[in-house]
Amino acid sequence: MKDAESPAMFFPMGKLANRIKFVRKRAKLSQEKFAEALGTVEGVKVSRGAVGNWELGKGISRANIAAIADKFGVSLDWLESGRGDLPQSVETSADEFHLTTGQKPHNLGGQIKANARVGDAVKGFVRIPIRGTGMGGREGYLILGDQYLGDVLAPPALVDVPDAYAVYVIGDSMLERYQHGEIVYVHPYAPVRKDDDCVVQISMGDGEPPHGFVKRFVSMDDHQLKVRQLNPKKVLTWPRSRVIAVHRVIMGGPA
């Protein structure tokens, strides 16, 4: 297989299972509530177990894919194949309160208290976690375990993104773009394209936690991942079997 050209080929969003999970998490629903929201499809009630199986990649009918797209307002083409742009918004749970077009606060009875909002809610500041312990080395790698190193304000592009995170840049291997100690902000669901900066997560085996690298994406196929570092300029490769994830860097800046 040739190096993938389409963003849909790059995981995590290259997998239907992860696109379904993305829709559910953006709607802020548990698997059980997601199933309830879908209700009955072609005479079969959707169960929490079915949703769990979909998110594990165990198969889903086209009717259920279409039901998800319709219910949560995403493109059927994107959900089914990964083609097109990542949805900027996903409809949320019906249990949440929203004012619909033309609806006035006095029509809502006891649903709202005095001084409740009129119109859409004004979103507050959102913070995302900083992950990874810097270890350095010539490639400037991070140990990506479950460490919590604090949090930072999310840039607007990540405010509603589930599982978004940030990491510190370690070393000067990307010096033309990022300095040591700067923070990069990571979108774990955005398609990764050639020449995008990214956080690569690599399995080290032997019980070691994954290593993370901030690099520039070159290509990935069934056999290997290629990324570029800028200082010194060189291409790094890893076997595809060791690649856990390739997450797109949205922006970076001083800590």
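Mentor: Let's start at Glu42, which sits in the loop between strand E1 (40–41) and strand E2 (44–45). Helices here are DSSP runs of H or I with at least four residues, strands are runs of E with at least two, and both are numbered from the N terminus. Keep in mind that this is a predicted model: local features need pLDDT of at least 70, side-chain atom pairs count only at pLDDT 80 or more, and totals for chains, interfaces and linings use all residues. Residues are numbered from 1 along each chain as its sequence is written, and side-chain values use heavy atoms, with hydrogens and water left out.

For background, most residues other than glycine have a negative phi. Glu42 counts as exposed, because its relative accessibility is 69%; the cut-offs are over 50% for exposed, under 20% for buried and partly exposed in between, using a 1.4 Å probe and protein chains only.

Now move along to helix H3 (residues 48–55), where Val51, Gly52, Trp54 and Glu55 are buried. They span an arc of only 160 degrees around the axis, so they lie on the same side of H3. (The arc is taken from the directions that run from the helix axis to the C-beta atoms.) The general idea is handy here: an α-helix has 3.6 residues a turn, so residues three or four places apart point the same way.

What do the buried residues of H3 pack against? Their partners are helix H1 (16–26), helix H2 (31–38) and helix H4 (62–72). Contact, by the way, means heavy atoms within 4.5 Å.

Take H1 to begin with. The axes of H1 and H3 come within 7 Å and cross at roughly 130 degrees, which makes H1 oblique to H3. Axes are lines fitted to C-alpha atoms, for helices over the stretch in contact, and angles run from 0 to 180 degrees between N-to-C directions. Under 35 degrees counts as roughly parallel, over 145 as roughly antiparallel, 65 to 115 as roughly perpendicular, and the rest as oblique. On the H1 side you'll find Ala17, Ile20, Lys21 and Arg24, which meet Val51, Trp54 and Glu55 in H3. Sorted by class, this contact of H1 with H3 has four nonpolar, no polar and three charged residues. Ala, Val, Leu, Ile, Met, Phe, Trp, Tyr, Cys and Pro count as nonpolar, Asp, Glu, Lys and Arg as charged, and the others, Gly among them, as polar.

Next comes H2. Its angle with H3 is about 110 degrees, with the axes 8 Å apart, and H2 and H3 are therefore roughly perpendicular to each other. Here Gln31, Glu32, Phe34, Ala35 and Leu38 in H2 meet Arg48, Val51, Gly52, Trp54 and Glu55 in H3. That contact of H2 with H3 divides into five nonpolar, two polar and three charged residues.

H2 packs against H4 too, at an angle of about 90 degrees with their axes 10 Å apart. That makes H2 roughly perpendicular to H4. Phe34, Ala37 and Leu38 of H2 make this contact with Ala67, Ile68, Lys71 and Phe72 of H4. By class, the contact of H2 with H4 has six nonpolar residues, no polar and one charged.

Stay with H4 a moment: its buried residues are Asn64, Ile65, Ala67, Ile68, Ala69 and Phe72. These pack against H1, H2, E1, H3 and helix H5 (76–81). That brings us back to E1, one of the two strands on either side of Glu42's loop.

Finally, look at what follows two of these helices. After H3 comes Gly57, with a positive phi near 80 degrees. After H4 comes Gly73, whose phi is positive as well, near 65 degrees.
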